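Please read it beside the model.

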Amino acid sequence: MENIFILGINLQGWVTIVTMICIFIVMARTRISAVVAFLSALTVLLVTGIVTEAEGMAGFGSEPVVVHAAFFVVMAGLMNTGVLYWLTKHLLGHPNNYKQAIIKLMIPIAALSAFLNSVNVVALFIDAVKIWSRKLNTTPSRLLIPLSYAATLGGTCTLIGNSSNLIISGLYADHTGKALGFFDPLIPGLFCTMTGIVLVVIFRELIPHRESPETSFESTSDYTVELLVPTENVAVGQTTDEAGLRNVRGGSLIEIVRFDKEIISPVPKDEFILGGDRLIYSGQINEILELKRTHGLVAADHHVYSISEIDNNRKLRTAYVGFGSDLIGTHMSDNEFERRTDIILVAVARQGKRVDMQPREVILEAGDTLLLECPPKDDRKIDEITKGSLTFFDSHFVPQIGQKTIISTIILVTMFLLSSFHILPLMATTMLAAGAMLIFKCCRSQNVTKYIEWDLLLVLGATVVFSTAITKTGIADTVANGVLQICGHNPLVIMAVMCILASIVSEFVSDVGASGVFFPIVFKEAITLGCNPMPFVISLMIAITTSFSSPIGSSTHMLIYGPGGFRFTDFLKVGILMHIVLLAANLFIVNLIYPFN
């Protein structure tokens, strides 16, 4: 395979290219998760011998993966000891108008995202943004987009601000033997961040108004109905399915309350109907009440009421179907989610409006908002058993502020200082910080694993291996030489072309994947031109991160997609302008700070 060349690339190279294209198509056009796509690609590389087992394993032990894993432990300590809760509560202030709200929101969020995981930062501040929107008499969507943009921009300022920066810094160290400094991207990142904040303020009227999905769920009593089964009803002795009482027009049976106060929930299809049963339905009242005529049911004493009255131990929570969720394309009556989790779907909202059909028959899409009746378990346990399917934002966990809050803050600051002044490498400082969090019991070792995003670590490891394949098979050399032949040998033109291509690709696939593909090509071009690789590397970091035109361009965009009731095209209105201006700002500031020679 290595000796047969087509267009200057051997067969192993073409297998790598086809695999890479398949990853892009799968991630952009299907609901298959990134981890499945990247691990499948890694399998192809291993089976075809393009990378060895040692090279494959090396990717998962690389600096980006280890740093991320350690930093998840640090984040667990910060959350458990209340540091992030304190910041959420005290940092934002009280804006008087929408313009002021954007400024007061974006500046501190960008600052936090430079040092903390941007996804965690956005998740923490979503509820605060909803409160602001009510006070300012506007929709949450008007503040959620600035929130996500600020987190994305702030992540460009340091090596740990986002995953793609860590990937690029790790690959740079592998290629040069030198580690990037913690604050090497600071000045270009800060310039682009401030430019982005100014752009959002200027173009704020282009940010779409979308009704929050929760407004569809404000009055639970509007769609919860109780009907009584008379003793002589023909359905007595039949199963719920046989009697046609389980999935009915306009709603579904979510609970049966027996005469002895026994509560059956969720209701299995083979559950027998008894005389005196109270059937609790959710859905469209007018249609459900037709059951009195068609099935001989009667109104109960208290026939329309809030679900919270059914069982005080159960509660309503709102969740969002994220991109990559295993529920996308399915409906609750057809999957095992309710049976597996003991969670019942009550209603579905899409793009800010409740879906007017039987909830359990709605084919779920990314961004759908679900109103769920949850069992009497700790919110964290519910979040854990639904991971991969749903994301909750209404957790009631409030940490205790105290001595450990100060200890975890000191650990975090020490980590930054040790890395910033090059006293210890970044990987060593994050591992020390993680160890300190466990030693001082800022987080418990038996619980810390649930804070680790294992899918992200797998994608990071696979990305490093994929980048190795691109270099090893000669793809980087061939593509770099081809770009030089087409665009000439002007380093500014080459850098601009590569940044444009990388930023466009990152709008449709993960920034992590784009960084692994483009770094070896950009680095090879810099070496071929005889230039300092730093301007190419830093500009690539920022270009890949500043993906604003689609919700799948950034993890933070995907996080706000459901809560904001957005449509896919909503990000285009401000995103394209942001994309173009920030690309220009990126090229300008990087060339000003980092010379080519």
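Buried means under 20% relative accessible area, exposed means over 50%, and partly exposed lies in between (1.4 Å probe, protein chains only). Of the 597 residues of the protein chain, 56% are buried. This is a predicted model: local features need pLDDT of at least 70, side-chain atom pairs count only at pLDDT 80 or more, and totals for chains, interfaces and linings use all residues. Numbering starts from 1 along each chain as its sequence is written, and side-chain values use heavy atoms, without hydrogens or water.

**Overall fold**

The protein chain holds 23 helices and 13 strands. Both are DSSP runs numbered from the N terminus: helices are H or I with at least four residues, strands are E with at least two. A contact means heavy atoms within 4.5 Å. Among contacts between residues at least 6 apart in sequence, 78% join residues at least 24 apart.

**The sheet**

Five strands build an open antiparallel sheet, ordered S11-S10-S12-S9-S13. Its edge strands, S11 (353–354) and S13 (391–392), each pair on one side only. Pairing requires at least two DSSP bridges between two strands. Strand S10 (residues 344–350) and strand S12 (residues 369–374) run antiparallel and share five bridges. Here Ile 344 stands opposite Glu 373 in S12.

**Cysteines**

A disulfide is a pair of cysteine sulfur atoms within 2.5 Å. By this rule, the count is zero. Two cysteines are listed below.

| Residue | Relative accessible area | Class |
|---|---|---|
| Cys 499 | 2% | buried |
| Cys 531 | 11% | buried |
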